[in-house]
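My notes are set out point by point.

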Amino acid sequence: MERENFRSRFGALMAMAGSAVGLGNLWRFPYMVGEYGGGAFIFIYIFCVFLLCLPILCAEMIIGRRSQSNAFGAFKRLAPGSVWKWTGILMVVTPVIVVSYYSVIGGWSIEYLYRAFCLDFTVNSQSAADLGGVFGDFISSIWAPLVCHTIFLLVTMSVVIGGVENGIEKFGKIMMPMLFLIVVIIAVTSFYLPDAGKGLVYLFKPDFSKINAGVCVAALGQAFFSLSTGFGIMLTYSSYISRKDNLASSSFHIAVADFIFAIIASCAIMPAVFSFGLSPQAGPGLVFETLPFIFSRMPAGGFVAILFFAALFVAALTSSVSIFEVGVAYLVEDRKMSRRKASFIVFAVTWVIGAFCSLSFGPLSGFRIFNETIFNFFDKLSANVLMTAGALLTVLFVGWKMKRSDVMDEFTNGGCLDTNVRIFGAVYFMVRYVAPLAILAIFVFNLL
Ligand code: PHE
């Protein structure tokens, strides 16, 4: 059977950017910035993305394109008969867990989009606390979040069933530029609010006294999550890229796009938060509790609310499609299933795990695993343990297990790309020494 591929370089890039740009940029990044000291966090984040995550991303893409295989098969092919096959297993299991709980939040965005259409956020008699209560009531109820989770997962599955070229590539090519436009429109609206400048100062004038180990760990974790590294996703997608593509420039473009999205999302949110005298430190509720309050008070807020939650939904969807695809690619290529059947199986498994995550905000909130609710347990397990382990194993594999000449061959397209030949030494050094040590340091810090 011939493997599917991305048809165009633009399509491949959009699909990968679609994976990277998601809830991590629009929902997680702004509240992390708020929690970890504004500009200081962004300052550290820049180093994490471009110095550490970029080489890791490159390493993942090298494995994917070299092996021409999904995450599981890749390690078996490049290191047959070795324990590395467990890395492949890890990289298939992690995304299945992540897509389960990611879909719960994706479902929330559906509910909020629906409410925005019902003009719920134009009633300006509600206080910020009222809106927080509305959010709390919603996530702790049984049926509404479950239904939203189901719809979100069904839409994800239908894109994946469409396949690489007709589903994922087409979808990304249309959705990503549209998403960009929406976020820019909101940011511009936000700039014109009274006192918006305070928010910009908060974002772009770093207060270096706020930098500490906690900020660094949070920034690196955010960078991993946001760039989708350590999940076998970029690996799987790169196996669909053409041999002629330049991996270094592709990974650079993805990192830049992801970074720009995160910054613009913060520019859409923070000036508004400051303009209305709210706290930037609202945590995970920032987007669902604070923003509706702002929408209800700003000019054309009802319309902006629709745009924003539509953007959140689209961003979440392009990411969840990529996470879903990892499991499907494994079942299709290594278990020889049809794409449709594989998709149904991944759907069933992730629906069940996601349902438990969703219920853990309400009826199951008393049920604890290692002292955490089910949702928090899966979130922490994947973000702090599985993802970090995946990233570490990826760089160790490329830096220490693969032959240097093979890595160089893939990175420079057989020596054809002059710039890549020149920077190879530095990138290889990062992958072999700096990245593993940095990840290990974070890992240990997190455990403590
Ligand atoms: N990077 C995505 C985001 O920013 C989330 C994601 C994580 C996607 C892991 C794939 C894998 O939302």
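1. Basis. This is a predicted model, in which local features need pLDDT of at least 70, side-chain atom pairs count only at pLDDT 80 or more, and totals for chains, interfaces and linings use all residues. Residues are numbered from 1 along each chain as its sequence is written, and side-chain values use heavy atoms, with hydrogens and water left out.

2. Ligand shell. The ligand is surrounded by 14 residues (a residue is near if one of its heavy atoms lies within 4 Å). Ala-20, Leu-23, Gly-24, Tyr-102 and Phe-225 are the closest. The shell holds 7 nonpolar, 7 polar and no charged residues; Tyr counts as nonpolar and Gly as polar.

3. Polar contacts. These are pairs of N or O atoms within 3.5 Å. The side chain of Tyr-102 places an N or O atom 2.6 Å from a ligand oxygen. A polar backbone atom of Leu-23 is 3.0 Å from an oxygen of the ligand. For Asn-25, a polar side-chain atom lies 3.2 Å from a ligand oxygen.

4. On its own, the ligand has 320 Å² of accessible area, and the protein covers 100% of that (Shrake-Rupley method, 1.4 Å probe).

5. Helices at the ligand. α1 (9-20), α2 (23-35), α10 (213-227) and α14 (301-334) each give two or more residues to the shell. Helices are DSSP runs (H or I, at least four residues), numbered from the N terminus. α2 gives the most, with 3 residues.

6. Cavities. A cavity is a set of points on a 1 Å grid over the protein atoms alone where a 1.4 Å probe fits but cannot get out. There are 5 cavities of 30 Å³ or more.

7. Largest pocket. A pocket is an open set with protein on both sides within 12 Å along at least five of seven lines, and lining residues have an atom within 4 Å of a point. The largest pocket has a volume of about 720 Å³. It is lined by 33 residues; Arg-28, Tyr-31, Met-32, Asp-379 and Lys-380 are the closest to its centre. The lining divides into 21 nonpolar, 8 polar and 4 charged residues.

Technical notes. Polar contact = N/O pair within 3.5 Å; in protein donor to acceptor, adjacent residues only side chain to side chain. Points joined across faces, edges and corners; volume = space filled by probe spheres on them.
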